[in-house]
Amino acid sequence: MPGDTTGGAGCGRRALILVENLSVPFDRRVWQECTTLRDAGWTVHVICPQGTKRDTEPEVEIDGVRIHRYPLRAATGGPAGYLKEYGSALWHTARLARKVGPVDVVHACNPPDLLFLPALWLKRRGARFVFDQHDLVPELYLSRFGRGEDLLYRAVCALERRTYRAADIVLATNESYRDVAIRRGGRRPEDVFVVRSAPAVERFQPVPPEPELKRGKPHLLCYLGVMGPQDGVDYALRALAKLRDEHGRTDWHAVFVGSGDAFDAMVELSRRLGLGEQVEFTGRIPDADLVRYLSTADVCLSPDPRNPLNDVSTMNKVLEYMAMGRPIVSFDLKEARVSAGEAAVYAADDDETEFAALVAQLLDDPDRRARMGKIGQERVSGPLSWRNSQASLLAAYTAACRDHTPVSAAEQVRTGKRQRS
């Protein structure tokens with residue numbers, strides 16, 4: 001790993017983290033980064049959208065992190081809707097950045113790859129720019145919209161190039177993303193740091209299972225995560241229909257936790273497949289209820305199909321299943337294997353029949369499920385722990401601020417000059 005993994009002390013420095021995709025602290029990765037920097041002595045500000053049911057205050061300080069939120073309506077109606085959403089987000093971000101004032105580091109989290117614009121404005125005022133690449137937006141575009149390499153695809157590629165070029169340091173969520181930053185983004189290897197997302201272990205502590213959550217069945221299957229077009233919930237539902245029809249298994253209840261713009265379509269698909277009595281959709285639920293379901297689950301589902309984005313992305317749900325000691329059925333994706341290892345079993349590319357067969361095998365083998373769950377917990381508490389990511393994050397900030405005078409000191413110098421004049 002490049003850089004000094006023992007540095008990163010804030011010493012009164014100021015960081016501004018820009019987020020457009022989620023509110024904070026709902027965005028768990030960003031919140032872990034905030035608290036890591038705070039504990040290292042940084043003064044941390046965040047600019048992000050307001051949530052709908054949580055994170056609704058326009059301005060709040062939580063555990064020493066100062067959060068500035070703006071109203072934002074999610075895009076609808078195609079490209080024009082995204083232009084409206086992103087235009088509003090950029091305007092509010094610039095407005096609030098002026099309010100925050102000078103910072104040592106501006107830390108922009110994608111998507112979209114547009115936050116380099118306010119970051120450049122802050123760079124001209126002395127900030128260093130850390131680009132936190134949560135998603136590969138060109139691959140996200142190909143996987144989500146299926147429009148091929150059209151004009152909009154070329155536009156998002158250009159925005160990614162501009163973001164890479166503007167950044168002083170890049171944070172990648174895994175080695176696949178780091179390779180893209182070096183190969184496609186032209187970044188020096190020593191300027192790209194892998195900061196893996198990791199479950200907040202204090203959030204994922206198993207509790208005694210509750211058999212009533214199985215709705216009278218011997219087994220509980222669980223899906224946790226976003227429900228968008230690229231997330232594979234439809235694959236999971238079709239696999240469950242095959243589990244019933246081809247394996248004769250009706251000894252399970254399944255719960256799908258989460259929401260997204262494909263939620264209504266997935267509920268309707270479950271009805272069309274005749275799964276309405278066996279599949280439950282909860283929407284987003286409080287953490288305590290999520291832990292109850294995962295603690296009771298016998299098998300967890302990670303049905304993300306192979307596409308340009310999913311194959312190289314680390315899925316948060318996989319890590320969260322592992323933290324709870326649950327065995328996983330996944331499609332055979334490169335980064336799924338890197339994360340889960342032997343804590344999961346893998347179906348061939350998008351093969352719903354094999355996915356169903358693997359679920360059936362695990363339901364019949366409680367000893368194997370227990371072994372897989374233990375492997376997952378050991379990986380999350382060891383090589384995939386947030387402790388390792390903290391060290392890499394602080395090393396990245398040390399590299400960003402090398403030979404950089406803190407803005408607090410610079411402001412004192414300027415103030416002294418104004419007073420003497």
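Tyr82, Tyr86, Tyr141, Phe145 and Tyr153 form one aromatic cluster. This is a predicted model, where local features need pLDDT of at least 70, side-chain atom pairs count only at pLDDT 80 or more, and totals for chains, interfaces and linings use all residues. Residues are numbered from 1 along each chain as its sequence is written, and side-chain values use heavy atoms, without hydrogens and water.

Visitor: How many aromatic pairs does the structure hold?
Guide: Rings of Phe, Tyr and Trp (its six-membered ring) pair if their centres lie within 6.5 Å. Planes under 30 degrees apart count as stacked, over 60 as edge-to-face and the rest as tilted. The number of aromatic pairs is 11.

Visitor: Are the rings of Tyr82 and Tyr86 stacked, edge-to-face or tilted?
Guide: The ring centres of Tyr82 and Tyr86 lie 5.8 Å apart. Their planes stand at 45°, so the pair is tilted.

Visitor: What separates Tyr82 and Tyr86 in helix 2?
Guide: Helices are DSSP runs (H or I, at least four residues), strands likewise (E, at least two), numbered from the N terminus. Helix 2 covers residues 79-100, and the two tyrosines are four residues apart in it. They are therefore separated by about one helical turn.

Visitor: Which parts does the pair of Phe331 and Phe355 tie together?
Guide: Their ring centres are 5.0 Å apart and their planes at 50°, so this pair is tilted. The parts are 24 residues apart in sequence. They are strand 13 (residues 328-331), with Phe331, and helix 12 (residues 352-363), with Phe355.

Visitor: Is Phe331 buried or exposed?
Guide: Buried means under 20% relative accessible area, exposed over 50%, partly exposed in between (1.4 Å probe, protein chains only). Phe331 has 0% relative accessibility, so Phe331 counts as buried.

Visitor: Which ring does the charged end of Arg337 sit over?
Guide: A charge sits over a ring if NZ of Lys or CZ of Arg is within 6 Å of the ring centre and within 35 degrees of the ring normal. The charged end of Arg337 is 4.1 Å from the centre of its ring. That ring belongs to Tyr346.

Visitor: Which helix gives the largest share of the lining of the second largest pocket?
Guide: Helix 1 (28-39), helix 13 (366-381) and helix 14 (386-401) each supply at least two lining residues. The largest share is five residues. Those come from helix 1.
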